[in-house]
Amino acid sequence: MTTLVPREPYSDEELRKLYPASLKLQLVQILLRHGERSPVSARFQNTGLAPYWPYCNAAKRFSSVVMTKTDWSTWNELQWRRRVETFGDDDRPILAAGPGGEVDTVCQLGELTDKGRETTLSLGERLRHLYVDQLEFMPKIISDADMIYLRATPMPRALDSVQQSFIGMYPASTRTVSFPPPTIITRAPTDETLFPNEHNCRRFSQLARAFAQRTADRWNDSKDMDYLNSLISKWMPESSPRVAVDSHPRLSGIMDTVNSTLAHGPKTRLPSAFYDTKGREIIDKIGSEEWFSGYKESQEYRKVGIGALVGDIVTRMVGNVDRSGNDGLWEVAGVDGDLGKARGGESGIKLTMSGCHDTTLAAILSSLGAFEGEEWPPYTSHIAVELFKDESVKTDSATPAEPAPRQSFLGSSRKKTKPASLMTRKPTQELTAEEKAKLQGHYVRLRYNDRPVTIPGCQLPGNHMKGDETFCTLQAFKAIADKFTPRIWTDACGERLGEPAFPVSPELAGF
């Protein structure tokens, strides 16, 4: 539920089993939860817990890009330190301070802490050890990052985490002197699909509220909730004296404070009752049901909650196969006026790293039927989606596709327009025989925190590599994902408003 304890690196014997010699690794997509952070809201100050935490040394080392000539020709960096101001007892401004009087390292709410930077840096180092040192899939030294697709949600902690992981994988000593700035993709909050976007998808908001209410109805008067109240209700506010799924703070908010305090030092701890083992297990169980049961039971919930992101993951894999430019190369490579052309001559994306959230990882795994028995994703958890090719299977995917250009957002159809693909987003049942043939001999495997994941639908005959059900055929994986990939996510978000939230019967995930 809190800090991840990573396993030791794979042994040579484990590597031989996990990465058979008969398969060639083609593409790796990493989705990583941000590292440890401060709570997103200040809660339980009546226990003595400080509202401001002194764990953000980055606040003394910020820098910003500044213009230094009014003709826009010269730019530089301004280095600065941040201090946080708040209200004093008489409403006058005062400096926010940590429990020991610290002012220069105070964290904002929800900010990546020093511990979070450490664990995400360490994740990058582990990824380097696996994909560079052990597998030799990625180069040891890079002159640009145009083979690496980097993306983060609008939350600063997600961007900071993906930057830390990138630096862990490729520190300064492994980048050439002329290394240009890497591209990091972001989206406007209204377009964000790298987490379940309840605030900007009306139908998903309706579904999420309905499943949350069902959880509250099921657990608020239960013996488990009574047990939690026996532990911590004395610290609940007078306006909401009983712990409940929908109390104030909500049970998920209590979990947030428990987990964030556990991940940090003794200066910011709650009373020991909050860390009762049985109590934490109950909170995890109920919290997971509230937030993730919809993905396990409802195709519509999967579609509007995480389907667009899963569709993007599949698109990049199919784009890798048909070499259409839809593997992410178009987004990260090149310069203005010459997009899609890698600065170092790379022909495609080999690695993606996306800074996201606990709800992202659990939504993906739950939607694929692969989250049973799992706890809430700890900080710095990650999913690796790996695409392999069986070299003994001959296909025509070595020939780059020549799709017709399509209109860009700016209306141009010149060479800077992203190429369309005839098959990357097309549902499996609509693929031609020739297109399906291109997918043959390709396999997908997910690893969650370095553990291979088994998807139920991939266990069916013909849907996996012989002898290992964790290697799903690309066609089978795509067919499973297609069932909850919206054709147009924004349209799906505006459909069925006010309709019943629950399916007539559970629609099992992973098939």
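**Cysteines and core**

Tutor: Let's start with one cysteine: Cys56 is buried, with a relative accessible area of 1%. Keep in mind that this is a predicted model.

Student: Which cysteine does Cys56 form a disulfide with?

Tutor: The idea is to look for two cysteine sulfurs within 2.5 Å of each other. Here the partner is Cys107, with the sulfur atoms of Cys56 and Cys107 2.1 Å apart. Cys107 is buried too, at 3% relative accessible area.

Student: What parts of the chain does that pair link?

Tutor: Distant ones: Cys56 sits in the loop between β1 and β2, and Cys107 in the loop between β5 and α2, 51 residues apart.

Student: Why is the disulfide of Cys56 and Cys107 right-handed?

Tutor: You read that from the torsion about the S-S bond. For Cys56 and Cys107 it is about 110 degrees, so the disulfide is right-handed.

Student: How many disulfides are there by this rule?

Tutor: The count is three. Another one joins Cys201 to Cys493, S to S 2.1 Å, and its -100 degrees about the S-S bond makes it left-handed. That link ties the loop between β7 and α4 to helix α13, with Cys201 and Cys493 292 residues apart. Then there's Cys458 with Cys472, sulfurs 2.1 Å apart, left-handed at -75 degrees. Cys458 is in the loop between β13 and β14, while Cys472 is in strand β15, 14 residues away.

Student: What pattern do the disulfides follow?

Tutor: Number the bonded cysteines along the chain, and you get 1-2, 3-6, 4-5. Cys356 is in no disulfide; its nearest cysteine sulfur belongs to Cys201, 18 Å away. Is Cys356 buried or exposed? At 0% relative accessibility, Cys356 counts as buried.

Student: Now the core. Which residues have the most contacts inside the largest one?

Tutor: The general idea is that in soluble globular proteins, nonpolar side chains tend to be buried together. In this model the largest nonpolar core has 88 residues, and those with the most contacts inside it are Leu31, Met317, Ile364, Leu446 and Phe477. Helix α8, residues 299-322, gives the most to this core, with 11 residues. Apart from that core lies another, of 35 residues, including Leu25 and Phe471.

Student: What is Phe477 in contact with, leaving aside neighbours within four places in sequence?

Tutor: Its contacts include Val314, Met317, Leu368 and Leu446. Cys472 is among them as well, and that's the residue whose disulfide partner is Cys458.

Technical notes. Residues are numbered from 1 along each chain as its sequence is written. This is a predicted model: local features need pLDDT of at least 70, side-chain atom pairs count only at pLDDT 80 or more; totals for chains, interfaces and linings use all residues. Side-chain values use heavy atoms; hydrogens and water are left out. A nonpolar core is a set of buried Ala, Val, Leu, Ile, Met, Phe, Trp, Tyr and Cys residues joined through side-chain atoms within 4.5 Å. Buried means under 20% relative accessible area, exposed over 50%, partly exposed in between (1.4 Å probe, protein chains only). Helices (H or I, at least four residues) and strands (E, at least two) are DSSP runs, numbered from the N terminus. Contact means heavy atoms within 4.5 Å.
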